Amino acid sequence: MELIEGIVLKQINYKESSKIIYLYTSHGKVSVLVHGSNKLKSPYLNLVRVFSHVRLFVSGKDLKTLREGEVLNYFSSIPEDLNRYAYGLHLLETVYNFSNHNHDHEKLYLFLLKILSLISISDNFELYVMMFELKLLYLLGVQPLLKHCVFCENTKTLSFSIKDGGMVCENHGSYSEYKVSAIELMIKLYYYDLSLGEKIDFHAEDIVSLRLLIDSYYEYHLNYKSKSRQMIKELMAY
Ligand SMILES: [Zn+2]
């Protein structure tokens with residue numbers, strides 16, 4: 001038997017009454033077969049829900065099979081609100097997509113747990129999802145260069161360029177389509193220290209600008225767009 005602790009990112013049906021769940025753990029992604037989880041009154045129903053933080057006892061080498069388990073925490077308020085849910089799914093899908101990358105999974109796992117708690121209680125859940133996405137760029141090695149121009153040491157008159165991967169000064173000639181306040185919000189979120197818990201000031205319209213910026217950045221540098229992103233668009237019209 002082996003003990004696994006993780007967050008359920010995704011579940012798929014398998015054969016007649018079983019499921020395979022995909023967990024994010026401090027070692028990366030792990031899949032577990034759960035027999036009989038589709039049956040009514042299955043004791044495993046809660047263990048296979050996405051947004052569950054679970055501890056499982058599993059056996060088997062190649063395909064791990066659930067033997068026993070418990071829910072440590074279920075972020076129940078995330079699915080209760082449709083907008084929050086869409087953002088939450090986008091977050092889990094993004095974690096799933098990059099979980100085979102060779103980055104610091106322990107760091108990201110602990111960070112994801114904190115972000116999920118914040119998303120479940122904060123009215124500004126979008127901010128925390130975007131904070132996660134920005135910090136993930138660093139772990140993936142494609143973080144934007146924000147402190148000075150990408151091409152020189154200039155720190156004045158900077159504007160943001162998706163394709164150059166960061167700030168560009170006026171000598172290196174890029175015109176930014178993003179408002180200064182949206183870029184300031186990005187910098188704030190990118191460097192934000194959760195352990196200090198400082199209040200984040202922002203303008204509502206900058207949430208939309210920054211969302212679009214992060215989408216473009218992920219598409220351009222990682223060729224990635226989540227399926228849940230479309231759901232956010234349908235619900236929130238951006
Ligand atoms: Zn420059």
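His101 is partly exposed, with 37% relative accessible area (partly exposed is the band between buried, under 20%, and exposed, over 50%, using a 1.4 Å probe and protein chains only). You'll find His101 in the loop between α2 (82–97) and α3 (105–121); helices here are DSSP runs of H or I with at least four residues, strands are E runs with at least two, and both are numbered from the N terminus. His101 sits 38 residues from Leu139 in sequence, with 9.3 Å between their C-alpha atoms.

Keep in mind that this is a predicted model, where local features need pLDDT of at least 70, side-chain atom pairs count only at pLDDT 80 or more, and totals for chains, interfaces and linings use all residues. Residues are numbered from 1 along each chain as its sequence is written, and side-chain values use heavy atoms, leaving out hydrogens and water.

**The zinc site**

- Four protein donors hold the zinc ion at 2.1 to 2.4 Å: Cys149 (SG), Cys152 (SG), Cys169 (SG) and His172 (ND1). Donors are N, O and S atoms within 2.8 Å of the metal (3.2 Å for Na, K and Ca), and sites may look incomplete because water is not among the atoms.
- For reference, the ideal angle for four tetrahedral donors is 109.5 degrees.
- Along the chain, the zinc donors follow the spacing C-x2-C-x16-C-x2-H. Cys152, in the loop between α4 (125–139) and β6 (159–161), and His172, in the loop between β7 (166–168) and α5 (180–191), are 20 residues apart, and this pair links distant parts of the chain.
- Cys152 counts as partly exposed because its relative accessibility is 22%. His172 also lands in the partly exposed class, at 36%.

**The chain as a whole**

- The chain has seven helices and seven strands, and from the N terminus on they run β-β-β-β-β-α-α-α-α-β-β-α-α-α.
- Its C-alpha atoms fill a box of roughly 65 × 35 × 35 Å along the principal axes.
- Of the 238 residues, 48% count as buried.
- Take the contacts (heavy atoms within 4.5 Å) between residues at least 6 apart in sequence: 56% of them join residues at least 24 apart.

**The loop between β3 and β4**

- Ser37 is in this loop and is buried, at 1% relative accessibility.
- Leaving aside residues up to four places away in sequence, Ser37 touches Ser17, Ser18, Lys19, Ser42, Tyr44, Leu45 and Val48.
- Ser37 and Leu47 are ten residues apart along the chain, with 8.9 Å between their C-alpha atoms.
- Phe51 lies in the loop between β3 (28–34) and β4 (52–59), and its phi is positive, near 75 degrees, even though the residue is not a glycine. Phe51 counts as buried because its relative accessibility is 0%.

**Another positive phi**

- Asn223 is not a glycine but has a positive phi of about 55 degrees.
- Asn223 is in the loop between α6 (204–222) and α7 (228–236), and at 73% relative accessibility it counts as exposed.
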